[in-house]
Amino acid sequence: MSTTVENVVIIGTGCAGLTAAIYTARSSLNPLVLEGSLPGGQLTTTSEVENFPGFPHGVDGYQLTQNMREQATRFGTRFEQALVTSVDFTTMPRKLVVADRTILARTVIIATGASPRMTGIPGEKELYGGKGVTTCATCDGAFYRKMEVAVIGGGDSAAEEALFLTRFASKVYLVHRRDSLRASKIMADRATTHEKIVPVWDSVPVEVLGVKEGAVSGLKVKNLKTNAESVLPVKGIFVAIGHIPNTGPFAPPLAVDEGGYFKPQPGSQVQTNIPGIYVAGDCSDHVYRQAITAAGMGCAAAIEAERWLAEHHSG
Ligand code: NAP
């Protein structure tokens with residue numbers, strides 16, 4: 001076991017982790033960032049990002065995270081490819097076990113993100129990301145002006161995505177496997193009474209069409225009551241069937257809510273139930289899930305870590 005004790009270890013290289021790295025590095029904390037299987041996080045699977053402040057003409061999602069990484073590196077951040085397999089937060093310093101060693105850390109910022117749940121139907125994977133299948137209306141909705149699109153799901157996310165898409169699309173099919181939405185009543189009412197939204201009840205998606213052409217040309221659905229199959233003539237498919245937060249080996253000991261997301265202490269967005277351990281971004285946020293909100297939480301976690309170190313390890 002190495003005897004070096006890191007001031008701060010940041011886990012994850014999405015917007016939250018990289019922003020935490022920029023802030024802690026600029027505070028001369030010499031952060032170590034561990035990156036997992038999707039360096040750069042969910043943004044790297046989006047093509048154009050048009051809503052990140054500071055880029056009036058949009059920015060490529062991959063380029064945006066590369067820029068953040070470069071900015072973090074400039075101030076001395078160290079990056080290492082490593083998956084944390086287990087932790088011991090009962091000791092001080094905290095212990096993080098990766099493949100070949102145990103890393104010791106005074107503070108830890110967990111920014112491991114969340115993975116969108118996918119349907120797994122044929123064509124979905126092949127046409128994901130820039131080819132018509134997406135999981136983010138806020139990110140990609142504007143690309144479907146005057147086109148027909150489909151949203152899959154029946155929760156608040158699906159209702160919200162469908163309503164957002166009515167700003168651009170000519171028609172929004174809302175494909176749900178039941179005959180009513182599980183979304184909150186107000187969202188469900190808004191979605192089902194909107195003139196552009198066409199609910200496709202009791203139906204499951206069966207196949208995304210257009211793999212040969214490299215772009216979505218339709219969505220085949222099956223009615224569960226009649227077994228009849230039909231094709232929705234859509235160019236965009238928005239999968240909104242929930243997210244799976246990446247809480248891996250950290251929960252327990254860290255507290256999570258009923259959806260499995262990290263649950264910060266009351267009154268804080270980032271402080272966990274263990275002192276000096278912080279969470280940021282989509283692993284603890286199922287409400288906003290935006291690059292800019294994740295970055296904001298990364299900033300807050302960095303400032304909290306900095307204050308904690310000043311209080312407990314000054315000099
Ligand atoms: P959710 O509430 O878990 O809903 C997921 C939906 O996807 C359900 O309708 C579910 O169907 C369906 N589904 C799941 N797996 C499926 C599959 N394999 N194939 C087809 N359909 C499938 O997830 P969410 O909508 O992302 O919301 C997550 C949490 O965030 C909720 O607590 C929600 O209230 C909250 N949220 C709030 C807001 C807001 O207040 N503005 C916005 C977004 C999210 P069943 O109904 O049959 O289970």
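Trainee: Which residue forms a salt bridge with E35?

Mentor: R69 does, with the closest N and O atoms 2.9 Å apart. The two belong to distant parts of the chain, since E35 is in strand β2 (residues 32-35) and R69 in helix α2 (residues 61-74), 34 residues apart. Keep in mind that this is a predicted model.

Trainee: Is E35 buried or exposed?

Mentor: E35 counts as buried because its relative accessibility is 6%. R69, at 23%, counts as partly exposed.

Trainee: How many salt bridges does a search of the whole structure find?

Mentor: Six. One of them joins D189 and K185, at 2.6 Å from N to O. These two are four residues apart in helix α5 (residues 185-193), so about one helical turn separates them. D189 is partly exposed at 35% relative accessibility, and K185 is exposed at 62%.

Trainee: What distance is found between K225 and D202, N to O?

Mentor: Their side chains meet in a salt bridge at 3.6 Å. K225 lies in the loop between β15 (218-223) and β16 (229-232), and D202 in the loop between β13 (197-200) and β14 (203-209), so the pair ties together parts that are 23 residues apart in sequence. K225 counts as exposed, at 62% relative accessibility, whereas D202 is buried, at 13%.

Trainee: Where are cis peptide bonds found?

Mentor: The bond from M92 to P93 is cis, with omega near 0°. P93 is in the loop between β6 (86-88) and β7 (94-98). A cis bond also joins P252 and P253, with omega about 20°. P253 is in the loop between β18 (243-245) and β19 (277-279).

Trainee: Turning to sheets, in what order do the five strands of the open sheet run?

Mentor: The general idea is that strands of a sheet pair through backbone hydrogen bonds, either parallel or antiparallel. Here the order is β10-β17-β11-β12-β13, and the pairing is parallel. β10 (133-134) and β13 stand at the edges with a single partner strand each, so one side of each has no neighbour in the sheet.

Trainee: How many bridges join β11 to β17?

Mentor: Four bridges join strand β11 (residues 148-152) to strand β17 (residues 236-239), and the two run parallel.

Trainee: Which strands pair with β1?

Mentor: β1 pairs with strand β8 (residues 101-110) in the parallel sense over six bridges, and E6 has A105 in β8 as its bridge partner. Three bridges join β1 to β2, also in parallel, with I10 opposite V33 in β2. Five of the seven residues of β1 (residues 5-11) are buried, so the strand is largely enclosed by the rest of the structure.

Trainee: Which residues come nearest to the ligand?

Mentor: Of the 13 residues around the ligand, D156, S157, R177, R178 and R182 come nearest. By class, the shell has one nonpolar, seven polar and five charged residues.

Trainee: Where is H176 placed?

Mentor: H176 is in the loop between β12 (171-175) and α5. H176 counts as buried because its relative accessibility is 7%. A polar atom of the H176 side chain lies 3.2 Å from the backbone oxygen of S180.

Key
Residues numbered from 1 in each chain as written. Predicted model: local features only at pLDDT ≥ 70, side-chain atom pairs only at ≥ 80, totals over all residues. Heavy atoms only, no water. Salt bridge = Lys/Arg side-chain N within 4 Å of Asp/Glu carboxyl O. Buried < 20%, exposed > 50% of the residue type's maximum accessible area, 1.4 Å probe, protein only. Near = heavy atom within 4 Å. Nonpolar A, V, L, I, M, F, W, Y, C, P; charged D, E, K, R; others polar. Pairing = 2+ DSSP bridges. Polar contact = N/O pair within 3.5 Å; in protein donor to acceptor, adjacent residues only side chain to side chain.
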